[in-house]
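Reader: I would like to learn how to read charged residues in a structure. Could you walk me through it?

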Amino acid sequence: MPDTTGASYAAASYKTAGVDIEAGDRAVELMKEWVKKTRRPEVLGGIGGFAGLFDASALKNYERPLLASATDGVGTKVDIARQLGVYDSIGHDLVAMVMDDIVVCGAEPLFMTDYICVGKVHPERVAAIVKGIAEGCVLAGCALVGGETAEHPGLLGEDDFDVAGAGTGVVEADRLLGPDRIRTGDAVIAMASSGLHSNGYSLVRHVLLNEGGLALDAHLDGLGRTLGEELLEPTKIYSLDCLALLRTTEVHAFSHVTGGGLAANLARVIPDGLHAVVDRSTWTPGAIFDLVGRTGRVERLELEKTLNMGVGMIAIVPEESTDVALTTLADRGVDAWVAGEITDRTDHETGAALVGDYAG
């Protein structure tokens with residue numbers, strides 16, 4: 001259509017609209033070396049295609065393979081990374097949130113894809129994010145087979161970004177873990193978290209940064225490092241630790257402690273008629289949990305339904321498997337302890353409850 005206004009306009013392009021294809025191509029080139037580090041023998045091709053390929057003939061070794069899938073993000077923790085300009089650790093959080101959900105049913109993580117949405121492609125930043133995802137995939141034992149980087153100018157600021165991912169695992173049908181395996185007298189084994197992990201950051205940011213006015217570069221008593229370093233501590237990835245337990249002893253269920261806290265997530269794997277009792281006196285939550293509580297005058301029950309309080313994964317095992325389970329985890333460098341037991345449920349009880357007071 002001809003211009004009838006008499007105005008003079010420069011020719012429009014995708015780049016002038018805010019999307020830089022060349023920058024995206026450079027980001028892909030920078031991330032290739034990290035993706036290669038996650039390669040499993042079942043992966044075909046490399047990045048750059050329209051789809052990631054995984055050789056499903058590997059599943060022929062299973063009698064009845066069940067595929068497990070999960071998808072997640074890391075929430076508003078990305079804003080801490082943005083403020084600090086640190087991009088190479090948030091990928092660990094993403095892998096943990098996805099693959100530790102998958103391992104809960106007893107599945108071995110196989111492969112993962114990611115989605116990175118940015119206001120403007122800064123190739124080095126995108127590559128740093130993918131580096132963290134790749135390193136997380138190595139820790140989880142899975143391959144990173146592909147992903148997508150999307151540039152959304154006008155919707156996101158130039159430094160804004162978000163990440164999400166989806167993963168797939170496999171488990172033999174007769175080895176599927178879950179509520180039907182749990183019995184009265186089973187032991188509840190807690191595995192320590194590395195910190196806040198990737199949940200509750202809307203509360204944490206509101207309490208510490210907005211209401212408390214604390215600076216990310218502040219050195220606070222008890223943390224032993226800056227507040228920003230504490231808040232960016234990567235989520236611990238338990239996938240291979242859980243698989244090691246399955247190889248060495250009998251396990252009835254796992255519970256990944258994420259949004260909703262310990263009791264609510266543990267209740268998700270407890271069958272009707274049974275009750276999980278977790279004794280707070282068996283551990284001391286890290287200093288960051290106390291800092292959030294004190295600074296925001298957050299009641300304990302509110303903290304417990306928002307944050308993990310120092311426990312990132314739960315294993316439910318027969319009482320006679322406790323020693324082997326704890327030894328296996330200790331050998332792998334995982335801080336773990338017996339935190340409770342499974343009992344018969346009374347009329348007034350729900351699936352799981354925390355009792356007593358925290359140690360220390």
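Predicted model: local features only at pLDDT ≥ 70, side-chain atom pairs only at ≥ 80, totals over all residues.

Reader: How many salt bridges does the structure hold?

Author: To count one, look for a side-chain nitrogen of Lys or Arg within 4 Å of a carboxyl oxygen of Asp or Glu. The structure holds 15 salt bridges.

Reader: Which parts does the pair Arg205 and Asp79 tie together?

Author: Begin with the distance: the closest N and O atoms of Arg205 and Asp79 are 3.7 Å apart, and the two form a salt bridge. Arg205 sits in helix H5 (residues 201-211) and Asp79 in helix H2 (residues 77-84), so the pair links parts that are 126 residues apart in sequence.

Reader: Is Asp79 buried or exposed?

Author: Buried means under 20% relative accessible area. Asp79 has 19%, so Asp79 counts as buried.

Reader: Where do Arg125 and Asp159 lie?

Author: These two side chains meet in a salt bridge, at 2.6 Å from N to O. Arg125 belongs to helix H4 (residues 123-140), while Asp159 is in the loop between strand S5 (143-151) and strand S6 (161-172), so parts 34 residues apart in sequence are tied together. Arg125 is partly exposed, at 26% relative accessible area, and Asp159 is partly exposed too, at 37%.

Reader: What about Arg332 and Asp241: how many residues apart in sequence are the parts they tie together?

Author: Arg332 and Asp241 form a salt bridge whose closest N and O atoms are 2.6 Å apart. Arg332 is in the loop between H11 and strand S11 (336-344), and Asp241 is in helix H7 (residues 239-248), so the pair joins parts that are 91 residues apart in sequence. Arg332 is partly exposed, with 36% relative accessibility, whereas Asp241 is buried, at 5%.

Reader: Which residues do salt bridges that share partners join into one network?

Author: Shared partners connect Asp79, Arg82, Asp160 and Arg205 in one network.

Reader: Now the surface. Which residues form a negative surface patch?

Author: For a patch, consider residues with over 30% relative accessible area and no salt bridge, and join like charges within 9 Å. Here Glu250, Glu319, Glu320 and Asp323 form a negative patch.

Reader: Where is the place of Glu320, and is Glu320 buried or exposed?

Author: Look for Glu320 in the loop between strand S10 (311-317) and helix H11 (322-331). Glu320 has a relative accessible area of 63%, so Glu320 counts as exposed.

How values were computed:
Residues numbered from 1 in each chain as written. Heavy atoms only, no water. Patch = residues over 30% accessible without salt bridge, like charges linked within 9 Å, V, L, I, M, F, W, Y side chains within 5 Å. Areas by Shrake-Rupley, 256 points an atom, 1.4 Å probe, with all protein chains shown as cover. Lys, Arg positive; Asp, Glu negative; His and termini not counted. Charge placed at Lys NZ, Arg CZ, Asp CG, Glu CD. Helix = DSSP H or I, 4+ residues; strand = E, 2+ residues; numbered from the N terminus. Buried < 20%, exposed > 50% of the residue type's maximum accessible area, 1.4 Å probe, protein only.
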